[in-house]
Amino acid sequence: MSNILPVLVLLGSAVYTCSLANVHPDFGLNVKQLIGKYGFPFENHIVTTEDGYILQLHRIPYGRKKKNYHKRAPVLIVPGGFESSADWVNTGENSLGFILADQGYDVWLANYRGSRWSRRHVKLNPDVDKKEFWDWTFHEIGLYDLPAFIDYILHATKQEKLFYIGHSQATVNFCILNSEKPEYNKKFRLMVGLAPVAYFSNAKMPIVYFLAAYKNKIRAFVDRYLHYEILPHSPLLATVAQTFCNDNSPFQDVCAFIFYTGAGYSNQFNKSMIPVFLSNAPAGLSYKYMQHVTQVYLSGKLPMYNYGEEENLRKYGQPNPPEYNLTKITAPVALYYGANDLFCVPEDVDKTASMMQNVVVNKRMPGFNHIDILSGIDVVDLVFNDILKLMGQY
Ligand SMILES: *[C@@H]1O[C@H](CO)[C@@H](O)[C@H](O)[C@H]1NC(C)=O
Ligand SMILES: *[C@@H]1O[C@H](CO)[C@@H](O)[C@H](O)[C@H]1NC(C)=O
């Protein structure tokens with residue numbers, strides 16, 4: 001045993017040293033640095049929700065050519081679970097945030113509660129008042145964060161409507177907002193859901209099986225260690241990713257395999273980008289959010305959070321949690337997802353689409369998985385150009 005340690009240290013140092021010879025130029029940059037590096041203006045806006053969370057909205061007000069941003073249509077871009085504003089500007093010239101800004105849109109990148117740049121509250125401290133600060137799921141993101149972002153942007157830009165583009169959970173957030181507060185429907189020119197998740201009982205993602213299979217054990221662990229925050233941003237993870245997943249590393253395929261296990265196999269996935277992706281993601285979520293995910297998955301429906309019969313009666317006036325009523329969604333919606341996506345399968349996406357009143361696109365794109373529908377090698381040609389054309393009509 002004692003002979004192995006020096007060998008491991010030596011091997012580790014050798015791998016780490018080699019990794020320094022192959023660093024992606026965007027490795028380690030945060031959202032402001034990425035936006036600045038590619039020549040775009042960056043603005044930081046602070047928004048406070050009705051329930052006290054203090055959130056950052058990152059704005060790219062105009063593109064690299066024209067600067068008259070007063071008449072431009074605003075686009076609110078909402079990240080998926082564990083993601084942040086950085087995930088829309090971290091694929092260089094192929095980043096959707098940059099493409100939209102250069103096309104003349106006024107781009108607003110959201111960071112929902114608890115994630116790296118929105119880990120603040122008017123009263124609660126995320127590291128001290130853990131149980132209270134992390135007491136939310138995608139329900140509160142939809143019901144409180146989204147309207148705070150939307151009202152702020154419409155007020156700041158003096159517009160009546162905006163475009164909404166979201167990844168993964170941003171679809172369920174949108175559904176919750178518009179079914180619980182239907183008056184918001186008229187504030188959307190068009191909603192674009194990439195890898196849209198609302199109903200997902202047929203998901204094939206291993207993490208969802210795992211959460212469902214071990215839900216009682218996980219709960220006991222969380223209660224015992226007060227571990228209410230899940231996978232926050234970690235600079236250490238970025239270093240590990242750079243060390244083991246760079247282009248010269250013999251372990252790069254292992255890194256890619258981990259991504260495929262989570263998101264689905266894909267030949268659209270660019271392995272060279274792993275250290276850049278992990279420079280900012282994961283950005284953190286609450287344990288309660290994961291519990292709600294498990295409940296939806298196991299229920300076959302799209303119910304609100306289940307507190308148990310007694311508490312449900314008190315909160316909802318009925319023993320079982322009510323379901324969201326997606327037929328109240330009248331805003332125009334376009335859905336795009338990859339054929340290799342383990343989370344979005346046709347049965348579920350079609351069910352979501354069939355409930356909404358005004359779905360204008362429901363497209364399954366060959367080759368893409370849950371993640372590279374944002375960042376895949378051919379995503380601009382195969383997905384983004386289609387979205388730009390569609391946005392032009394609204
Ligand atoms: C993958 O990303 C690297 C680093 O950004 C880039 O040089 C390369 O061209 C990309 N590969 C493809 C096939 O687009
Ligand atoms: C859902 O909303 C629609 C439209 O407002 C309404 O007609 C229907 O009764 C609602 N369904 C339920 C189960 O509440």
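**Exercise 1.** Determine which hand the crossing of α8 and α12 has, and describe how the two helices pack.

*Solution.* Step 1: the crossing of α8 and α12 is left-handed (the near helix is turned anticlockwise from the far one by less than a right angle; clockwise would be right-handed). This is a predicted model, in which local features need pLDDT of at least 70 and side-chain atom pairs count only at pLDDT 80 or more, while totals for chains, interfaces and linings use all residues. Residues are numbered from 1 along each chain as its sequence is written, and side-chain values use heavy atoms, without hydrogens and water.

Step 2: helix α8 (residues 215–225) and helix α12 (residues 287–299), both DSSP runs of H or I with at least four residues, pack at an angle of about 165°, with their axes 12 Å apart. Therefore α8 is roughly antiparallel to α12 (angles over 145 degrees).

Step 3: K215, I218, R219 and V222 of α8 meet Y287, Q291, T294 and L298 of α12 (heavy atoms within 4.5 Å). The contact residues divide into 4 nonpolar, 2 polar and 2 charged.

**Exercise 2.** Which residues does the UniProt annotation "active site" cover, and where does D341 lie?

*Solution.* Step 1: according to the unreviewed UniProt entry, the annotation covers S168, D341 and H370. They are spread over 203 residues of sequence but cluster in space, with a largest C-alpha distance of 10.8 Å.

Step 2: D341 sits in the loop between β9 (333–338) and α14 (346–355). D341 is buried, at a relative accessible area of 4% (buried means under 20%).

Step 3: leaving aside neighbours within four places in sequence, the contacts of D341 include A195, A263 and H370.

Definitions and conventions: Chains lettered and ligands numbered in written order. Axes fitted to C-alpha atoms, helices over the stretch in contact; angles between N-to-C directions. Parallel < 35°, antiparallel > 145°, perpendicular 65-115°, else oblique. Nonpolar A, V, L, I, M, F, W, Y, C, P; charged D, E, K, R; others polar. UniProt positions renumbered as here; feature names shortened; annotations may be inferred. Buried < 20%, exposed > 50% of the residue type's maximum accessible area, 1.4 Å probe, protein only.
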